[in-house]
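Here is a set of questions and answers on one protein model. Keep the sequence and the structure open as you read.

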Amino acid sequence: MSGGAMSSVVANGGGQSHSLHKVFVYGSLMAEDVCRVLLNRVPLSSPAILNGYDRYSIKGRVYPAILPVENKKVAGKVLLEITDPELHILDEFEDVEYERSSVEVSLMDSSESFLAQAYVWSNKNDPNLYGDWNFEEWKQLHMKDFVEMTSGFMEGLELPEAKPRVATYESFFQQDRENPPVS
């Protein structure tokens, strides 16, 4: 793997070395409760800015999307020291709707900048994107349900026929709406 500056490699007691990743988060993953359910821990993090992107709400979803937009910026945070298995969980969680990309972020407290991974919305011309997305509003209105949905996703990941996150999300937030129970 070239580009050693991108992720530092540390050796742990077992003699194996693992890459550690930095991941810029800007939506539900800014909530410690969501990280705790997904990763079984709350990673170290720092407030950060992603320049050249904008954050949108998505019609019919409670989580946001980012897309490249000149002269815009997104405030979020960088999760530090994310391991390969944890990155795999985040990849599964973000599913096919997002593409993981390397982006340059700046720390808010020191303006130090470095490369981090970020999940960018796959459909650049999605008609369902609108407005901005508000983390505080999300915490009040949706976080409790989202954490529950995330727990369901993690339980599902351990099953051989794991459902993608989108399917978990849709079944969780649309229970009983489309398929009334057949008596």
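**Strands, helices and spaces**

Q: In which strand is S106 found?
A: The model is a predicted one. The strand in question covers residues 98-107. S106 is found in strand β5.

Q: Is S106 buried or exposed?
A: Buried means under 20% relative accessible area. S106 has a relative accessible area of 19%. S106 is therefore buried.

Q: Which residues does S106 touch, not counting residues up to four places away in sequence?
A: Contact here means heavy atoms within 4.5 Å. With residues up to four places away in sequence left out, S106 touches P47, A48, I49, N51, S111, E112 and S113.

Q: Which residue stands opposite S106?
A: β3 and β5 pair in the antiparallel sense over 3 bridges. A48 has L107 of β5 as its bridge partner. Opposite S106 in β5 stands I49.

Q: How many bridges join β3 to β4?
A: β4 covers residues 65-83, and the two strands run antiparallel. P47 stands opposite K77 in β4, and Y56 stands opposite A65. The number of bridges joining β3 to β4 is 11.

Q: Which residue in the turn between β3 and β4 has a positive phi?
A: The two strands form a hairpin, with 6 residues between them. The positive phi is about 80°. The residue is G60.

Q: In β7, which residue is the bridge partner of S57?
A: β7 covers residues 129-130. β3 and β7 pair in the antiparallel sense over 2 bridges. The bridge partner of S57 is Y130.

Q: Why is β3 described as largely enclosed by the rest of the structure?
A: A residue counts as buried under 20% relative accessible area. β3 has 14 residues. It is largely enclosed because the number of its residues that are buried is 10.

Q: Over how many bridges do β5 and β6 pair?
A: β6 covers residues 113-121 and pairs with β5 in the antiparallel sense. One of the pairs joins E99 to V120 in β6. The number of bridges between β5 and β6 is 9.

Q: What is the positive phi of S111 in the turn between β5 and β6?
A: β5 and β6 form a hairpin. There are 5 residues between them, and S111 lies in the turn. Its phi is about 55°.

Q: How far apart in space are Y98 and A118, C-alpha to C-alpha?
A: Y98 lies in strand β5. It is buried, with a relative accessible area of 7%. Y98 and A118 are 20 residues apart in sequence. In space, C-alpha to C-alpha, they are 9.1 Å apart.

Q: What span should helix α4 have, and how far apart are its end C-alpha atoms?
A: Helix α4 covers residues 143-157, which is 15 residues. At 1.5 Å a residue, α4 should span 21 Å. That agrees with its end C-alpha atoms, which are apart by 20 Å.

Q: Which residues in α4 are buried?
A: An α-helix has 3.6 residues a turn, so residues three or four places apart point the same way. The buried residues in α4 are M143, F146, V147, M149, T150, F153, M154 and G156.

Q: Which element gives the most to the lining of the largest pocket?
A: About 160 Å³ of space lies in this pocket. Its lining has 13 residues, with S57, V62, W133, E137 and H142 nearest the centre. The elements that give two or more residues to that lining are β3 and α3 (135-141). The most, with 3 residues, comes from α3.

Q: How much space lies in the largest cavity?
A: The largest cavity is lined by 12 residues, of which Y26, G27, S28, L29 and E94 lie nearest its centre. By class, the lining divides into 8 nonpolar, 2 polar and 2 charged. The space in the largest cavity is about 110 Å³.

Q: What percentage of the residues of the protein chain count as buried?
A: The secondary structure comes to 5 helices and 7 strands. The chain has 183 residues. Those that count as buried make up 43%.

Notes. Residues are numbered from 1 along each chain as its sequence is written. This is a predicted model: local features need pLDDT of at least 70, side-chain atom pairs count only at pLDDT 80 or more; totals for chains, interfaces and linings use all residues. Side-chain values use heavy atoms; hydrogens and water are left out. Helices (H or I, at least four residues) and strands (E, at least two) are DSSP runs, numbered from the N terminus. Buried means under 20% relative accessible area, exposed over 50%, partly exposed in between (1.4 Å probe, protein chains only). The expected span of a helix is 1.5 Å times one less than its number of residues. On a 1 Å grid over the protein atoms alone, a cavity is a set of points where a 1.4 Å probe fits but cannot get out, and a pocket is an open set with protein on both sides within 12 Å along at least five of seven lines; lining residues have an atom within 4 Å of a point. Grid points are joined across faces, edges and corners, and a volume is the space filled by probe spheres set on the points. Ala, Val, Leu, Ile, Met, Phe, Trp, Tyr, Cys and Pro count as nonpolar, Asp, Glu, Lys and Arg as charged, and the others, Gly among them, as polar. Two strands pair if DSSP finds at least two bridges between them.
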